[in-house]
Amino acid sequence: MEKVNGKNILGINGAGRIGKLTLWNHILNKHFGGIVVNVGRGVGKNLEALLHNIENDSTYGSLSRFLYGHSGKKCEIRIIDSEKNLVEIDGMPVQFLQQARNPRDINWPEHNVRLVVDCTGAFLDPTLPADHAKGSLRGHLEAGAEKVIASAPFKIKDSTQKMPADASMMVYGINHLDFDARKHHIISAASCTTTGLSHMIRPLLETPETSTILTASMSTIHASTSTQSILDSVPSSGTSDLRKSRSVFNNIIITSTGAAKALEKILPEVQKIGFMADSVRIPTNTASLIILNITFHSPINDIGEPVVTREFLNQIYLQAANGPLAGMLEFSEKQNVSADMIGRRAAVVIEGVETHTRTGFMALNPDLLRSFGVELTQDIMIPVCHAKIFGWYDNEFGSYVNMLGKLTTYVDMKM
């Protein structure tokens, strides 16, 4: 595929949930001149079967509705060369590759692709060599790509290995400006939950009154994903989380999340906080909710009242939504439900009506302080504020793929 009007060609590896929606996102934004999608296998009986899957979605509706709402305008999909699987979607040339499963076997230079977004979820260890038997992210680089972005957090399986110098985890709007084209060749766009959570935490860290965080925990009430079982199934050998093998249709399922650990990579300031995280899967298609519980050392004003209140926290988020995080963080005073968030193009939407705070006093008695060499005759009362903050995010297109798309565009512009 040749460049169109001087615009670069984007490579996408994988056409699953995130791969397809990434294609939709870049067809919508048209930053790239064309897209090459490596499906890695046959789909149905012919090219039309693949296009049927690309054109329709059970969560977001048809591609025409996605692009043009209910205006009645249709998204034109035209086959240019059926032998080469070359089509035109809404005026953008898109070519589908179906031969290679291993990234090192995809000839990206043949299609003028320099930047690849790997959406398979299968290649997440940046320490694995390009010739690893099961494939690796570095395989894309050996195959001729210059940069690769993984649409999931890195997972280094060998605990003795450290993060390579040319790899970095980034969230657009949080630390994407750290991207160095001379240094970074393998990038992780983290996860949907880390993306939403980092946008909730950053405004608090940047506000003096809330920057002293003592402890924090979060639960994500998360929509189901394709890694779960439709019906009860037998767990794979060595599986530790038996609940993921239970039916996604019938259950609320407690599971784990790596969002807190990944957050430390995105916002290093969080490393000093005792941050805990868990996930509760529920039987919905998309749109999830972060419930953030956080404890601050709370200042007291001149009349003895706590500074950190519900109104104070909501004002922080309102200012962020109208300022540095505009378009990435939204503040809502409405009573929302998850369906209201489907397709919402913000990393996180703060549910302001549910923000709550309680401030109490922690007593440090003289006996305790004496063990640290401090001599006092009476208790010291330390004000402590506990806050509960709710943040919505569309874990598929709206929050995650939208932020992934912005990061991809930024990387392309800096290459």
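At 7% relative accessibility, Cys75 counts as buried. Welcome to a predicted model, in which a search of the whole structure turns up 0 disulfides. The chain holds 9 helices and 19 strands.

**Cysteines**

- A disulfide is a covalent bond between the sulfur atoms of two cysteines.
- For reference, the cut-off for a disulfide is a sulfur pair within 2.5 Å.
- Cys385 has 0% relative accessibility, so this residue counts as buried.

**Overall shape and packing**

- Taken along the principal axes, the C-alpha atoms of the chain fill a box of roughly 85 × 50 × 50 Å.
- Of the 415 residues, 51% count as buried.
- If you look at contacts between residues at least 6 apart in sequence, 72% of them join residues at least 24 apart.
- The chain exposes about 19,800 Å², and carbon and sulfur atoms supply 50% of that area.

**The annotated domain**

- An unreviewed UniProt entry places the feature "domain: Glyceraldehyde 3-phosphate dehydrogenase NAD(P) binding" at residues 7–192.
- In the model, residues 7–192 are 18% helix and 24% strand.
- The end C-alpha atoms of this span lie 28 Å apart.

**Two alanines with positive phi**

- Ala190 is not a glycine, yet its phi is positive, at about 60°.
- You will find Ala190 in the loop between β11 (186–188) and α5 (192–205).
- With a relative accessibility of 0%, Ala190 counts as buried. The cut-off that matters here is under 20% relative accessible area.
- Ala287 also has a positive phi without being a glycine, with a value of about 85°.
- Where does Ala287 sit? Ala287 belongs to the loop between β14 (274–282) and β15 (288–297).
- Ala287 has a relative accessible area of 2%, so this residue is buried.

Definitions and conventions: Residues are numbered from 1 along each chain as its sequence is written. This is a predicted model: local features need pLDDT of at least 70, side-chain atom pairs count only at pLDDT 80 or more; totals for chains, interfaces and linings use all residues. Side-chain values use heavy atoms; hydrogens and water are left out. Buried means under 20% relative accessible area, exposed over 50%, partly exposed in between (1.4 Å probe, protein chains only). UniProt positions are given in the numbering used here, feature names are shortened, and annotations may be inferred rather than shown by experiment. Helices (H or I, at least four residues) and strands (E, at least two) are DSSP runs, numbered from the N terminus. Contact means heavy atoms within 4.5 Å. Accessible areas come from the Shrake-Rupley method with a 1.4 Å probe; for residues, only the protein chains shown count as cover.
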